[in-house]
Amino acid sequence: MTARWAVFAPFPPGKAVSGCFFAGLIIQWSPQVNPMKTKIKELIKLREEKDAAGGLDKLAQRRARGLLTARDRIEYLFDPNTFVELQGYISHHSGNFGLDKKKFLGDGVITGFGRVNDRVVYVYSQDFTVLGGSLGEMHAKKIVNVMDLALRAGAPIVGINDSGGARIQEGINSLAGYGDIFFRNTISSGVIPQISVIMGPCAGGAVYSPGITDFVFMVDKSSYMFVTGPEVIKAVNKEEVTFEELGGAQSHATISGVAHFVGHDEKDTLDMVKELLSYLPASNMEPPPDAEASDPFDRMDDRLNEIVPVNPNKP
């Protein structure tokens, strides 16, 4: 902004010029802009763009259907005001198949750490509103980074999965990202607790990693795990199968054994995650947390006799 100032000075006595008693001098002045305030405004704008994920309209639609957003899930899981986000302003580098026009800050996954019941926990939460939660190169790098940090810190990691699988526009870079994640799953096994929470329809590469983690949570009637969907099964095998039959929570909890816990809704599932974390040690270098128990150690329960079938050939 430029301000214009007029400074007037009277002529000496007797020196007036034909009806003009003052001479004017115009001075232009530009107020100094605070560069830090400009940077802060830019940061606020970027933060709003990051938090909008795939669009405020898409976030509103999810909430209208009774679903939590990727950020809502993190806020519900962690103790208030303890979550610290990491690498929130990363975006993908690909220009293939029009991806250069579909860039989103965070690249479809929120990563970071915080406290659950006042204990440090690391997390990544995939955002289905951003390119279907698909995993690309930078998306994978963010997950790998937070997995490395969890292993280094000796703290549990929770993966909230809501992804359609590999981002095919990024080709081999996307598939390589899955390899990096599987490697971290392997070296973390038996060292820190790895918990997978399936919060949507997960397919392809998105279900391999959860399958080799320690605990898998699913939401009844709204989360699915399968390598390929019902349409492909119908096209290849000429079989018609529903989402629930192929990869629903009940199928994996009662038949395949992939899922260990099933929640009624997303909040109920995350409550169970919190409860499980309260029983687990942070790593293999620590004892499990102490807790007061009112249940007698010698209590008998006849239902335990029904868990293992008499017939060894029966699963």
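I call a residue buried when its relative accessible area is under 20%. I call a residue exposed over 50%, and partly exposed in between.

**Entry 1**

I started with Y224. This is a predicted model, and I kept that in mind throughout. Is Y224 buried or exposed? Its relative accessibility is 14%, which is under the cut-off, so Y224 counts as buried.

I then looked up the aromatic pairs. The structure holds eight of them. In one, the ring centres of Y224 and F243 lie 5.6 Å apart. Their planes stand at 65°, so I noted the pair as edge-to-face. Which parts of the chain does this pair tie together? Y224 lies in strand β10, residues 224-226. F243 lies in helix α8, residues 243-247. The pair therefore links parts that are 19 residues apart in sequence. F243 has a relative accessible area of 43%, so F243 is partly exposed.

Y178, F182 and Y208 are linked into a cluster by ring pairs. K274 lies over the face of Y76, at 4.6 Å from the ring centre.

**Entry 2: confidence and the whole chain**

The protein chain averages a pLDDT of 87. I found that 90% of the residues score at least 70. Over residues 16-22, though, the pLDDT is below 50. That stretch has eight contacts in the model beyond near neighbours in sequence. Where pLDDT is low, the predicted coordinates should not be read in detail. I left that stretch alone.

Next I took totals. The protein chain has 315 residues, and 38% of them count as buried. Its secondary structure comes to 10 helices and 11 strands. I also looked at contacts between residues at least 6 apart in sequence. Of these, 65% join residues at least 24 apart.

**Entry 3: the sheet**

I traced the strands next. Seven of them form an open sheet, in the order β3-β4-β5-β6-β7-β9-β11. The pairing is mixed. Which strands stand at the edges? They are β3 (84-86) and β11 (261-263). Each has a single partner strand, so one side of each is left without a neighbour in the sheet. Neighbouring strands are turned by 20° against each other on average, direction ignored.

I then found a helix on the sheet. Helix α4, residues 137-153, packs there and touches β3, β4, β5, β6 and β7. Its direction makes about 165° with that of β5.

**Entry 4: strand by strand**

I began at β3. It pairs with β4 in the antiparallel sense over three bridges. L86 stands opposite T111 in β4.

I moved on to β4. Six of its eight residues are buried, and the strand is mostly covered. Eight bridges join β4 to β5, and these two run antiparallel. I110 stands opposite S125 in β5. The two strands form a hairpin with two residues between them. In the turn, N117 has a positive phi of about 55°.

Then came β6. Four bridges join β5 to β6, which run parallel. V158 in β6 is the bridge partner of V123. How many residues of β6 are buried? Five of the five are, so the strand is largely enclosed by the rest of the structure. In a regular strand the side chains alternate between the two faces of the sheet.

**Entry 5: S196**

I picked S196, which lies in strand β7. Four bridges join β7 (residues 194-198) to β9 (residues 215-219), and the two run parallel. S196 stands opposite V216 in β9. At 2% relative accessibility, S196 counts as buried. What does S196 touch, leaving out residues up to four places away in sequence? I listed G159, N161, P210, T213, F215, V216 and F217. The C-alpha atoms of S196 and F217 are separated by 6.2 Å. These two residues are 21 residues apart along the chain.

**Entry 6: helix α9**

I ended with α9, residues 249-256. Its buried residues are A249, S251 and H252. Where do they pack? They pack against β9, β10, α8 and β11. Just after α9, G257 takes a positive phi of about 80°.

Note on methods:
Residues numbered from 1 in each chain as written. Heavy atoms only, no water. Pairing = 2+ DSSP bridges. Axes fitted to C-alpha atoms, helices over the stretch in contact; angles between N-to-C directions. Contact = heavy atoms within 4.5 Å. pLDDT = per-residue confidence, 0-100. Phe/Tyr/Trp six-rings, centres within 6.5 Å; stacked < 30°, edge-to-face > 60°. Buried < 20%, exposed > 50% of the residue type's maximum accessible area, 1.4 Å probe, protein only. Lys NZ or Arg CZ within 6 Å of the ring centre and 35° of its normal.
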